[in-house]
Amino acid sequence: MTDTTERRGMSRAVAVILAALGLVLAAGAVTAPARADTTICEKYGSTSIQNGKYIVQNNNWGDDTTQCINVTGTGFTVTQASHNKPTNGAPGSYPSIYAGCHYANCTSGSGLPMRVSDSRFNGVQTSVSMSYPGGGVYDAAYDIWFDPTPRTDGQNTGAEIMVWLNRVGSIQPVGSRVGTVNLAGATWEVWYGNIGWNVISYVRTSATNSISFAVRTFADDAINRGYAQRSWYLTSVQAGFEPWVGQAGLAVNNFSYSVGGSDPGNGDPGNGGGRTCSAAGSTANQWNNGYVIDPVTVTSTGSSTTNGWTVTFTLPAGHTLSGSWNAGVTVNGQTVTARNASHNGSLAPGAKASFGFQVTRPGGNLQVPSGYTCTAS
């Protein structure tokens with residue numbers, strides 16, 4: 001079993017102690033001025049790009065061999081790496097690019113930390129494009145962090161969601177495999193372990209070098225499994241690599257993070273200029289093999305009239321949608337997206353609309369969906 005995150009957390013903790021003693025070995029210790037085509041070989045060296053929107057970090061936390069990255073205006077490439085770590089242990093490093101806060105090293109305009117129950121969380125989107133060299137032993141993965149408090153420094157203690165796009169070699173995530181799920185247009189193995197915080201890893205069953213998704217897609221699944229909570233805060237969204245052997249040539253070509261299709265900033269422009277909404281469902285009827293949720297009440301909570309709304313929620317495993325009304329509904333795996341009908345999309349502040357749906361479920365599985373999230377336009 002690969003206990004990657006535990007050792008990373010220990011390394012970070014030691015780095016924080018050393019920093020308190022005035023030494024240089026602090027995780028993300030110094031952020032250099034924003035500048036493209038910068039080479040970083042310092043163990044915890046980092047630099048900001050795009051006027052501070054993102055930070056790129058070398059983060060050679062698990063190894064004392066030299067690792068260097070070349071930072072571009074949109075990502076980075078690992079130019080030197082000689083890791084040779086046992087595959088039944090932790091990786092050598094996690095060179096990555098991120099938005100948010102990592103050990104008090106924060107990007108600008110991310111809106112993070114952000115509570116999962118905040119209506120803006122529904123609109124948090126990210127994408128990445130990567131390149132993989134031949135050979136080596138590594139994973140290519142997102143690292144998405146949650147804390148019970150709006151933490152900007154130190155080790156997060158809520159949940160770490162890892163989204164593995166590719167895995168090369170005999171490596172595995174923290175913990176043990178607990179199931180499979182269809183999310184973001186693909187099938188993923190789900191792994192879970194606790195090492196002082198919950199680690200939920202989604203390992204794609206067929207490798208890809210690019211992805212675009214809403215963070216809530218994986219967060220909702222983790223919450224429904226009981227591994228995360230809506231009262232917790234998203235603190236950072238990171239994308240990069242965990243190499244065990246090698247691996248020069250790994251590259252993030254492009255990375256993006258946005259809230260509601262735009263940079264959130266302090267004024268929350270990602271909410272559609274004052275348009276926000278909330279949603280809550282009520283169980284109208286249920287039986288052993290199914291149930292009806294009616295109404296799902298959508299409330300305009302912003303200061304401006306909505307031009308439309310979208311409600312998303314996750315069906316429990318094995319449940320299938322069998323009908324809906326007063327909304328246009330699409331299903332991707334277990335994630336359901338309901339968009340307003342032509343007659344109920346415009347809502348003045350405080351006004352309400354509703355829709356309903358019916359679900360078929362395996363006998364004896366008496367769960368119903370929870371955690372409806374709403375995005376207004």
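Mentor: The largest pocket has a volume of about 380 Å³, the space filled by probe spheres set on its grid points, which are joined across faces, edges and corners. A pocket is an open set of points on a 1 Å grid where a 1.4 Å probe fits, with protein on both sides within 12 Å along at least five of seven lines. The model is predicted, so local features need pLDDT of at least 70 and side-chain atom pairs count only at pLDDT 80 or more, while totals for chains, interfaces and linings use all residues. Residues are numbered from 1 along each chain as its sequence is written, and side-chain values use heavy atoms, without hydrogens and water.

To answer your question, Gln125, Ala214, Thr217, Thr312 and Thr337 lie nearest the centre, among the 20 residues of the lining, each with an atom within 4 Å of a point. By class, 14 of the lining residues are polar, four are nonpolar and two are charged; here Gly counts as polar, and Asp, Glu, Lys and Arg as charged.

Several elements contribute at least two lining residues each: strand 17 (210-214), helix 2 (215-224), strand 22 (309-314), strand 24 (327-332) and strand 25 (335-340). Helices (at least four residues) and strands (at least two) are DSSP runs numbered from the N terminus.

Of these elements, strands 24 and 25 run antiparallel and are joined by six bridges; pairing requires at least two. One of the bridges joins Ala327 to Asn340 in strand 25. Strands 24 and 25 form a hairpin with two residues between them, and Gly333 in the turn has a positive phi of about 65 degrees.

Aromatic rings come next. The whole structure holds 13 aromatic pairs, that is, rings with centres within 6.5 Å, called stacked under 30 degrees, edge-to-face over 60 and tilted otherwise. The rings of Tyr192 and Tyr227 are stacked, because their centres are 3.9 Å apart and their planes lie at 5 degrees. Tyr192 belongs to strand 15 (residues 186-194) and Tyr227 to the loop between helix 2 and strand 18 (233-246), 35 residues apart. Tyr192 is partly exposed at 23% relative accessibility, whereas Tyr227 is buried at 15%; buried means under 20%, exposed over 50% and partly exposed in between (1.4 Å probe).

Phe313 and Tyr372 form a tilted pair, because their ring centres are 5.0 Å apart and their planes lie at 55 degrees. Phe313 is in strand 22 and Tyr372 in the loop between strand 26 (352-360) and strand 27 (373-376), so the pair ties together parts 59 residues apart in sequence. Phe313 and Tyr372 are both buried.

Technical notes
Rings of Phe, Tyr and Trp (its six-membered ring) pair if their centres lie within 6.5 Å; planes under 30 degrees apart count as stacked, over 60 as edge-to-face and the rest as tilted.
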